[in-house]
There are 2 protein chains.
Amino acid sequence: MAKYMCMDTLKWLLNDVHSVEDLFKYERYQDYDKDSVDILLDTAKTWSDQEFYPIFREMDENPCKFVDGEITSHPNLKRILKKAGEDGWIGNIFDYDEGGSQMPHTVANATNHIFQCANNHIPGYMGLTAGSADLIRTFGVQELKDKYMPKMMAGEWGGTMCLTEPQAGSSLSDITTSATPQADGSFKISGQKIFISGGDHQAASNFVHLVLARIDGAPAGTKGISLFVVPKHMEGEDGSLTYNNVETISEFEKMGQRGYATVHLVFGEKGDCVGHLIGQEGKGLKHMFKMMNGARIDVGMTAASTAMAAYHHSLQYAKERPQGRKIENSGKKDPNQGQTLIINHPDVRRMLLLQKAIVEGSLSILLETAKYSDLAHVEEGDAKDEYHLLLELLTPIAKTYPSEKGQEAINNGLQIYGGYGFCMDFPLQQYYRDIRIMSLYEGTTGIQSLDLLGRKVTAQNGAALQLLMKKITEVTDEASNHEELKPYVAQLNKSLESVQRALGYLLPMAMKGDYESFLADATAFMSMTSNVVIAYQWLKMATSAKHSLVTGDTTYQAKFYESKIHTMKFYFKYELPQVRAILATILNDDELTILKEDVDVFV
Amino acid sequence: MAKYMCMDTLKWLLNDVHSVEDLFKYERYQDYDKDSVDILLDTAKTWSDQEFYPIFREMDENPCKFVDGEITSHPNLKRILKKAGEDGWIGNIFDYDEGGSQMPHTVANATNHIFQCANNHIPGYMGLTAGSADLIRTFGVQELKDKYMPKMMAGEWGGTMCLTEPQAGSSLSDITTSATPQADGSFKISGQKIFISGGDHQAASNFVHLVLARIDGAPAGTKGISLFVVPKHMEGEDGSLTYNNVETISEFEKMGQRGYATVHLVFGEKGDCVGHLIGQEGKGLKHMFKMMNGARIDVGMTAASTAMAAYHHSLQYAKERPQGRKIENSGKKDPNQGQTLIINHPDVRRMLLLQKAIVEGSLSILLETAKYSDLAHVEEGDAKDEYHLLLELLTPIAKTYPSEKGQEAINNGLQIYGGYGFCMDFPLQQYYRDIRIMSLYEGTTGIQSLDLLGRKVTAQNGAALQLLMKKITEVTDEASNHEELKPYVAQLNKSLESVQRALGYLLPMAMKGDYESFLADATAFMSMTSNVVIAYQWLKMATSAKHSLVTGDTTYQAKFYESKIHTMKFYFKYELPQVRAILATILNDDELTILKEDVDVFV
């Protein structure tokens, strides 16, 4: 079987770089230790080898289809989801008394990484079911929890998030799905939802939709939105299912992730569709966002994992494919020599190192973000608030960087295959198609960028950024102990100054009330900031590796640690300099993207 | 019908920016004038509307397939190719007495742009047939010309280039297809060729393959390669066709350009396969490269055109799709207001302007390169040599920039559609898949970059670059007459200094004989240089537009000219600053991509 990820790198990131063991001292996580986490990861890997990776290509070649009112799915999916339930993978982060195993998010995300590297289609079904069960768990009354959570966590019923509507897209304040109060306290739901991932398929016997809708008479905008649990089938006392008029009317045929169902649902058009309000009336969007941070990190992890798998495939190919000769110092080539492996060509090595820098950097920031999520959960007082701020700040970055740069990574992996990269018989084209959705899912890159600059950076007078700076300083302080790393500390500090300069230019616009100008280059700011945050990850990784080398740590081979330091240097040479270009763009005061009444720039 | 290109922009580039009329004073082109070119372009557009665009999506949805030994093709293709022949589109650049119409490449490429914007699959069949007919025309004896050229130019027989073999890929010195001399002066051809575009399909009754092969006993390497004409069927005196044992054994199923056949051919395995040597023995690769410059420009134009079509589709979508609200200065949104069109959001405008800057900049450099090709053809003495040097220098850039940045443009176009961009019912995903092959066709980006830095820049002590500098200076001199453009002149000059600094750092390595280090960052050098060359195109366009505004030229509306100046400014704000980042990368003396014996960086 092809190598689709690196267990050593994952474990090293968890244990050495991000010290996941810090979490095990908290009461909530006291049953976990390094060995038990190792076993969990190995179990995930074995199952992925057996069930996930072997059907990855089949799921693309036989995509989900809408046939006779049903959405087809891979025949193995039902077995896999059932086992996911039996083995406790769904809802593993929940409390023991809710059927979970109180697994830290950091560990759960590491296992997700393994699943997603093997097959980026299947884990979405598990993640969305867990995410919607989490909303019921958090906001639902006991009766709803008892009714839905066990079946969902068992992998028998699927869960979904129903936000998007045809006329509104990303603009959630414009959704029109309605909820009409009934005498018994329930609501009649009516409306359409599109792009519902996992919204219907043959592998689950029922679906539990978490639906945003407006109660009749609710105000316009987001304040009028409430959250409802709407099952496809209502379960009677005897366990029988009665159709609740949630109709699937089509499957979106997609360019990638073709084995992951994306459906169009119509609620209550041909008969009554019953939903139950959860949480507070008018707080639906806020409640949904409880789940959204996790979903965004999931998307980032899926992107990172898809690109990780593509990287390992292209690495393997480069190690096996002979072509051309190394350039001699004379500039000539000797045709009588045998061909060299393409991994020996500098440009191929560049494309491999670029992938490695992007995918391992992505994985690292995702694990760090997950750890802040755990610490925000278990800590108290100021510390809790601080971790929450860090989580909020890093979430849009941890979603966006892997989604955007993961595309670039895979693009380079495809290029390494030459013409074969474009052929359906080779795997890279599937990764290339699959990852393209990640910068659209759960808030596009544009929306993440507005969130980063417009909300997260400005919140509490920039408190989150200050906390991040403290984290970075911890790393640069430690790195400065090593002569070899000092130049990179200086370069990182310089890049941080660029971010500060950008903010020094942008924030006064917000203060002056010129919000449109302030946010016009939010995407450039995202690009700059995420570049620096990944540089911080790489310096952190290099510092840990250097420490292991210096102390003679033999957990991994010396060349393993050296390769991490090498990749850090690659990142600082080839990626980090882009920060200064983006700074020049941001500081340029030509306002070219803001609509002006008298200028038509698209003639 | 959707707008898939802009005729005004094309005509403006031809007439105003690149003064195609300069060519008409040469005897060869004396039958052309502005009006006749206009009519040609309009004819191409009408035909594209009628025949090319309507089947673009069908050709993707019903891809070429290998069935019962044949490659299926779209049912309209035969009619289209026949009309292409009848109307003189194939081989239009040839002399009158060879059946051509002595059309300037510049004009022919402009018509190709129209065809390719409408449908990037079909023009490849026409272009390759013309290109291989051109090789027969140039190197073949009269008998071969008489036998093949008329049928090829009539669109009845297809022509191909057969270079790549399974074991050699880009490394042409390793091809093994053999040619065994026969008593009658012909050769028996034996071997396999892969990735043969247009190599077989139902729309042509015969195929004329231009095949690189080694005559028995030829030396290893490129010096042992000769060029052969190898028809699929031999034509008898009576016009009957006899199978020549060129067997199609499969079609490569591809991610994009699925309606454009790409086949695997086996020569002479089941019976004798006869070929005729053209040109000199051992000069096959050199001869093939006669065609290669043109083919590379064709690929660049196909990339530019694919991205142009995607741009116009996403522009149209942005003008029609309401979503969200403009940001008020308060930072708040009023949900009671109607939604705004997405073209009014700055980030959407940024994505549109980025596309416009890339695709129109690409089209401009491609027309300029084609013009140098024409001038090299008709000029004499030093002038001819100079235009040839410019053509050689710009060809790898004109191939690579549209192929690489065109992907980025389409990626942004797709993003504008939101989730719909990822759906097969919308057009952007097809453009996204189609364009991905362009940076692999006819020499990958890595190979183009080695060509640019290793050959074109260094040739004749940098003479080509000096000539280009002269051309750029002509533009900056003229731009400096306009106060509005002066800051951009300064910025362009600064970027040119960056290129010079990069060369000042790299060239001494070549002189010291350290070729591997010299070329290790050739791709970064390509990226930097092409960025500056496109900035030069934009300044040239802006200067022309400014001139028209100042002189009150009413050929186009004032807002048309203003939009070009605006896009130039966008390019200089958002794209050109990247040059300084790439310079930092190149000047960084960490050698991280060159294989070192004792370092394993891919653990």
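Predicted model: local features only at pLDDT ≥ 70, side-chain atom pairs only at ≥ 80, totals over all residues.
**Whole model**

Start with everything shown. The model scores ipTM 0.97 and pTM 0.97. Colour chain A by confidence: its mean pLDDT is 96, and 100% of its residues reach 70 or more.

Chain A has 18 helices and twelve strands. Along the principal axes, its C-alpha atoms fill a box of roughly 85 × 60 × 60 Å. How does the radius of gyration of chain A agree with that of a compact globule? For 603 residues such a globule would have a value near 25 Å, and chain A has 25 Å, so the two agree.

Of the 603 residues of chain A, 59% count as buried. Among contacts in chain A with a separation of 6 or more, 76% are between residues 24 or more positions apart.

**The nonpolar core**

Bring chain B back and select F228 and A307 in both chains. F228(A), A307(A), F228(B) and A307(B) have the most contacts inside the largest nonpolar core, which has 389 residues.

Now centre on F228(A). Which residues does F228(A) touch, not counting those up to four places away in sequence? They are A179(A), F187(A), I189(A), V211(A), A213(A), G275(A), H276(A), L277(A) and I278(A).

**L285 in chain B**

Select helix α8 of chain B, residues 284-320, and find L285(B) in it. L285(B) counts as buried because 20 C-beta neighbours lie inside 10 Å, and 20 is the number at which a residue is called buried. Leaving aside neighbours within four places in sequence, L285(B) is in contact with L172(B), L212(B), T222(B) and I225(B).

Most residues other than glycine have a negative phi. Two exceptions can be picked out in chain B.

Go to the loop between β9 (241-243) and β10 (246-251) of chain B, where N245(B) is found. N245(B) is not a glycine, but its phi is positive, about 55°. Is N245(B) buried or exposed? With 21 other C-beta atoms within 10 Å, N245(B) is buried.

Move to the loop between α12 (445-456) and α13 (463-479) of chain B, and select Q460(B). The phi of Q460(B) is also positive, near 45°. Q460(B) has 11 other C-beta atoms within 10 Å and is therefore exposed, since 12 or fewer count as exposed.

**Where the chains meet**

Show both chains and select the residues of each that contact the other. Here 79 residues of chain B are in contact with 80 residues of chain A. On the chain B side, the elements giving two or more residues are α9 (346-378), α11 (428-435), α15 (515-520), α17 (558-574) and α18 (578-587). α17(B) gives the largest share, nine residues. By type, this side of chain B divides into 31 nonpolar, 29 polar and 19 charged residues.

Why can the copies be said to meet through the same surface? Because 100% of the interface residues of chain B are also interface residues in chain A.

**The axis**

Note on methods
Residues numbered from 1 in each chain as written. Chains lettered and ligands numbered in written order. Helix = DSSP H or I, 4+ residues; strand = E, 2+ residues; numbered from the N terminus. Contact = placed C-beta atoms within 7 Å. Nonpolar A, V, L, I, M, F, W, Y, C, P; charged D, E, K, R; others polar. pLDDT = per-residue confidence, 0-100. Rg over C-alpha atoms; globule rule 2.2 N^0.38 Å. Core = buried A, V, L, I, M, F, W, Y, C linked by C-beta atoms within 7 Å.
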